[in-house]
Amino acid sequence: MNEARERILDAALRLIGERGVGGLSNRAVAAAAGVSLGTLTYHFGSQTDLLRECLDRFVDRELDRITRTALALADDVRSPGQAADEAERAIVAFTNEPEQIANLELHLQAARDPALRPAAERSLAAYDRLATSILTALGVPEPERHAPTVVTLLYGLAVRRLATGDSAATGTAEALRTVLAGVLAEAARPA
């Protein structure tokens, strides 16, 4: 990827996290990236193009980070409780990064702008696949069915953390244990 393009995407993602999508302007992004306004518009014909690529970039980086964590967990985690504790620790390591706020902002913007929805759908599908693989490793029945619930829970908890400034991810492990216990109990019931 072109160096100027990378700087633009990084700057835009940081600014979205700091100011929100509504506070994003081409001039602010160009200044933060250290490029001319013409360079920005050369690489991104519209703000929607810029926002879509920011979301894609965040998702790619986030999935790489989470996949490394999940692979480590798959080798070490033997119980749903332990998985929940490890997930909370991993979340604490990334809490309060501007990119976390930007991710949520971009997903909300996708609700307003249909052109961003494919990127948001790709993001959620990737998180669902990751949750499915972790649930599978834990022996959870029908992991594909339960993965969206786990992802939604984590998104909701992310909103709560960001809104309250809770950098400890308080209650994340407990919430995951509760969901996993419910899923496992449902699976154990006679049909």
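Select T132 to begin: this residue is buried, with a relative accessible area of 13%. The model on display is a predicted one. T132 is found in helix α7, which covers residues 117–137. Now show the surroundings of T132. Leaving out residues up to four places away in sequence, T132 touches P143, E144 and A147.

Remain in helix α7 and select Y127, together with Y155 in helix α8 (residues 143–164); these two tyrosines are 28 residues apart, and their pairing links distant parts of the chain. A search of the whole structure finds one aromatic pair. Its ring centres, those of Y127 and Y155, lie 5.8 Å apart with the planes at 80 degrees, so the pair is edge-to-face. That label follows because planes over 60 degrees apart count as edge-to-face. Are Y127 and Y155 buried or exposed? Both Y127 and Y155 are buried.

The next stop is the nonpolar core. Select I8, I16, V29, L50 and C54, the residues with the most contacts inside the largest nonpolar core, which has 51 residues. Which elements give two or more residues to this core? They are α1 (3–19), α2 (26–33), α4 (47–76), α5 (80–92), α6 (98–112), α7, α8 and α9 (172–188). Then centre the view on L50. With its neighbours within four places in sequence set aside, L50 is in contact with I8, L9, A12, L24, V29 and F44.

Move on to helix α5 and select R89, which is found there. In contrast to the buried T132, R89 is exposed, with a relative accessible area of 51%.

For the last stop, display α5 and α9 together. Two packed helices are described by the angle between their axes and the distance between the axes. For α5 and α9, the angle is about 150 degrees and the axes are 8 Å apart. The crossing of these two helices, α5 and α9, is right-handed. To see the contact itself, select P80, G81, A84, D85, A87, E88 and I91 in α5, which meet T172, A173, L176, R177, L180 and L184 in α9. Colouring by residue type will bring out the make-up of the contact of α5 with α9: eight nonpolar, two polar and three charged residues.

Key: Residues are numbered from 1 along each chain as its sequence is written. This is a predicted model: local features need pLDDT of at least 70, side-chain atom pairs count only at pLDDT 80 or more; totals for chains, interfaces and linings use all residues. Side-chain values use heavy atoms; hydrogens and water are left out. Helices (H or I, at least four residues) and strands (E, at least two) are DSSP runs, numbered from the N terminus. Buried means under 20% relative accessible area, exposed over 50%, partly exposed in between (1.4 Å probe, protein chains only). Contact means heavy atoms within 4.5 Å. Rings of Phe, Tyr and Trp (its six-membered ring) pair if their centres lie within 6.5 Å; planes under 30 degrees apart count as stacked, over 60 as edge-to-face and the rest as tilted. A nonpolar core is a set of buried Ala, Val, Leu, Ile, Met, Phe, Trp, Tyr and Cys residues joined through side-chain atoms within 4.5 Å. Axes are lines fitted to C-alpha atoms, for helices over the stretch in contact, and angles run from 0 to 180 degrees between N-to-C directions. A crossing is left-handed if the near helix is turned anticlockwise from the far one by less than a right angle, and right-handed if clockwise. Ala, Val, Leu, Ile, Met, Phe, Trp, Tyr, Cys and Pro count as nonpolar, Asp, Glu, Lys and Arg as charged, and the others, Gly among them, as polar.
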